Amino acid sequence: MRYAYKNRHPYLFIAPALFILICFSILPIFVAFGISFTDINLRSLADWSRINFVGLDNYISLFTDQVFLISIYNTVFYVVIGVPLVIICSLGIALLLNYGKNKLYTMFRTVYYMPSITNIVAIAVIWGFLYNTHYGLFNYFLSLANIDAIPWLEQPTIAKLSLILLAVWKGIGINMIIFLAALQGIPREYYEAAEIDGANRWQMLRHITIPLLSFATFFVTITTLIGWLQFFEEPYVMTNGGPLDGTLSMALFIYRNGFQLSEMGYAAAGSFILFFVIIVVTLLQFKLRKAETEY
């Protein structure tokens, strides 16, 4: 006890952050987990006697709900195509921008980063115009090459790809900054030694740059994967899950049931399935990660 009192200062410093973490992150998880076993809705919030314990019914209903199964398929579609695209594009742009230090390169860094901090509603207005089937800029360019207009947001598969394109454009900036910081942390001595040994740019990229970016790549992969599993803003603002639930993600399904249909217990069960998927995928990433190489 005396030892704890004597070393109390570090605990006092972290106590506020720990308190906020428990109250606003950990505690709500347990509350939502409890809610997922009930039929709670908006009316029962005013009269708790209306809340009934339903056991695993919400979970069982979810896996027989065709809309939820569609949302799982759509989310997997987004993740499988979107995550590699974001990582490859971010890394490619970071490598190109890392070659120069002048104002032109600085301007391009700003240009690529700006979509990440732009409001999604403003983005939706702009991309809504670009994707417009009759008056959109994309179809106008296609018409110049005598190519028929594409229903960018009106056909389920094309709409998913359109949202992926938008999300990739929006998500490149933050990952690019992480890769740039990692690239600038690589000691120049490695490249100088490689040049003396006669290595070309491709060999230096393959044997020096990529291995030394392993931790940054791992971090970007984890954060990007989690973000795409929670894909919400783009389908909500651009298509509201349509057409025919073709762009409905798991996160949007949870939002729709919880806040539009007032089926909070059902939505909480869906959120815990998504939570479980995120945990499993993240642990899998840690498992698959190769041991970090020391240079």
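Trainee: Which residues form one aromatic cluster?

Mentor: In this predicted model, the cluster is formed by Phe-33, Phe-37, Phe-53, Tyr-59, Phe-272 and Phe-275. The structure holds 24 aromatic pairs.

Trainee: Why is the aromatic pair of Phe-37 and Tyr-59 called tilted?

Mentor: The ring centres of Phe-37 and Tyr-59 lie 5.6 Å apart, with 45 degrees between the planes.

Trainee: Is Phe-37 buried or exposed, and how do you know?

Mentor: The relative accessibility of Phe-37 is 17%. Buried means under 20%, so Phe-37 counts as buried. Tyr-59, at 16%, is buried as well.

Trainee: Why is Leu-283 called exposed?

Mentor: Its relative accessible area is 56%, and exposed means over 50%; Leu-283 is therefore exposed. Leu-283 lies in helix H15 and belongs to a nonpolar surface patch of about 980 Å². Helix H2 gives the largest share of that patch, eight residues.

Trainee: How do you know that Lys-160 lies over the face of Phe-77?

Mentor: Lys-160 is at 5.4 Å from the ring centre of Phe-77. The distance limit is 6 Å, and the charge must also be within 35 degrees of the ring normal. Lys-160 is listed as lying over the face of Phe-77.

Notes:
Residues numbered from 1 in each chain as written. Predicted model: local features only at pLDDT ≥ 70, side-chain atom pairs only at ≥ 80, totals over all residues. Heavy atoms only, no water. Patch = residues over 30% accessible without salt bridge, like charges linked within 9 Å, V, L, I, M, F, W, Y side chains within 5 Å. Areas by Shrake-Rupley, 256 points an atom, 1.4 Å probe, with all protein chains shown as cover. Salt bridge = Lys/Arg side-chain N within 4 Å of Asp/Glu carboxyl O. Helix = DSSP H or I, 4+ residues; strand = E, 2+ residues; numbered from the N terminus. Buried < 20%, exposed > 50% of the residue type's maximum accessible area, 1.4 Å probe, protein only. Phe/Tyr/Trp six-rings, centres within 6.5 Å; stacked < 30°, edge-to-face > 60°.
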